[in-house]
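These are my notebook entries on one protein model. I looked up the core, the sheets, the backbone exceptions and the confidence, in that order.

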Amino acid sequence: MSGFNLLHLISKSQPVVLRPCGLPSGTCRTKKTWPVTFSQEELKKRLTPMQYHVTQEKGTESAFRGEFTDHKEDGTYTCVVCGTPLFKSSTKFDSRSGWPSFSDLVSEGSVTLTDDYSHGMHRVETTCSQCGAHLGHLFDDGPRPTGKRYCINSASLGFQGGKVDAVVTETAPSEDGARAAAGGGSACTGAAGVKKEL
Ligand SMILES: [Zn+2]
């Protein structure tokens with residue numbers, strides 16, 4: 001009996017684990033404002049239902065169903081909402097997860113990382129740093145040298161083929177994103193029309 005009581009005391013005295021920010025999941029995120037914003041009405045018109053669901057409602061497309069999962073052309077993958085360059089085709093690899101996977105970003109800071117405690121697990125959500133579009137998640141089981149796997153929904157991405165160096169610049173991504181948005185989002189409209197070659 002005494003042994004049971006002892007265990008009982010120990011288990012009850014364990015400290016409560018607090019999240020890094022000390023606030024419920026999502027509280028930190030909602031305080032953030034994004035440099036580029038679009039009205040939900042505009043996005044509903046411009047995006048496909050799946051693109052809207054994934055980027056604005058944190059949805060996830062079905063594995064192996066996205067148009068960029070097996071896409072192998074040279075170029076740059078952009079945010080489908082604001083057109084900001086996010087990933088180069090040279091960092092895309094076959095993770096066999098069913099979603100486009102990348103080992104690195106076009107430029108540091110182009111994606112914002114946030115703790116995601118949904119579905120009873122802890123994952124790291126990836127979000128476009130310019131417009132806040134949900135992209136996917138980041139895992140630590142990618143190939144060297146980064147060891148990172150950006151698991152991204154095709155529906156979050158646009159694609160600009162060729163001339164990777166011309167598209168990717170070393171300037172601050174916030175400036176590029178603002179210019180792309182100010183230009184009427186032409187970078188995204190073309191990408192949304194890309195069809196998978198079946
Ligand atoms: Zn974006």
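**Entry 1: the nonpolar core**

I began with the largest nonpolar core, which has 26 residues; those with the most contacts inside it are Cys-79, Val-81, Leu-86, Phe-87, Cys-128, Cys-131 and Ile-152. A nonpolar core is taken here as a set of buried Ala, Val, Leu, Ile, Met, Phe, Trp, Tyr and Cys residues joined through C-beta atoms within 7 Å. At least two residues of this core come from each of strand 1, strand 2, strand 7, strand 8 and strand 9. Strand 8 gives the most, with three residues. As background, I noted that nonpolar side chains tend to be buried together in soluble globular proteins.

The model is a predicted one, in which local features need pLDDT of at least 70 and side-chain atom pairs count only at pLDDT 80 or more, while totals for chains, interfaces and linings use all residues. Residues are numbered from 1 along each chain as its sequence is written.

I then looked up what surrounds Cys-131. Leaving out residues up to four places away in sequence, Cys-131 touches Trp-34, Val-36, Thr-37, Phe-38, Cys-79, Val-81 and Cys-82. A contact requires the C-beta atoms of two residues, placed from the backbone, to lie within 7 Å.

For the protein chain as a whole, I noted that buried residues make up 34% of the 198 residues. A residue is buried if 20 or more other C-beta atoms lie within 10 Å of its own, exposed if 12 or fewer, and partly exposed in between, with C-beta atoms placed from the backbone. Of the contacts with a separation of 6 or more, 65% are between residues 24 or more positions apart.

**Entry 2**

The protein chain has seven helices and nine strands. Helices (H or I, at least four residues) and strands (E, at least two) are DSSP runs, numbered from the N terminus. Two strands pair if DSSP finds at least two bridges between them.

Three strands form an open sheet in the order 2-1-9, with antiparallel pairing. Its edge strands are strand 2 (85-88) and strand 9 (157-161), each of which pairs on one side only. Direction ignored, neighbouring strands of this sheet are turned by 30° against each other on average; the axes are lines fitted to C-alpha atoms, and angles run from 0 to 180 degrees between N-to-C directions. Strand 1 and strand 2 run antiparallel and are joined by three bridges. Thr-78 has Pro-85 in strand 2 as its bridge partner.

Strand 5 and strand 6 form a hairpin with six residues between them.

Strand 6 is also joined by four bridges to strand 7 (residues 134-139), which runs antiparallel to it. Val-124 has Leu-138 as its bridge partner in strand 7. This hairpin has five residues between the strands, and Gly-132 takes a positive phi near 80°.

**Entry 2: backbone exceptions**

His-119, although not a glycine, has a positive phi of about 60°. Is His-119 buried or exposed? It counts as exposed, because it has 8 C-beta neighbours inside 10 Å.

Lys-58 also has a positive phi, near 55°, and lies in the loop between helix 4 (49-57) and strand 1 (75-79). Lys-58 counts as partly exposed because it has 16 C-beta neighbours inside 10 Å.

The peptide bond from Arg-144 to Pro-145 is cis, with omega near 5°. Pro-145 is placed in the loop between strand 7 and strand 8 (149-152).

**Entry 3: confidence**

The average pLDDT of the protein chain is 79, and 66% of the residues score at least 70. pLDDT is the predictor's confidence in each residue, from 0 to 100. Over residues 16-31 pLDDT stays under 50, and the model has nine contacts beyond four places in sequence for them. Over residues 166-173 pLDDT likewise stays under 50, with 15 such contacts. Where pLDDT is low, the predicted coordinates should not be read in detail.
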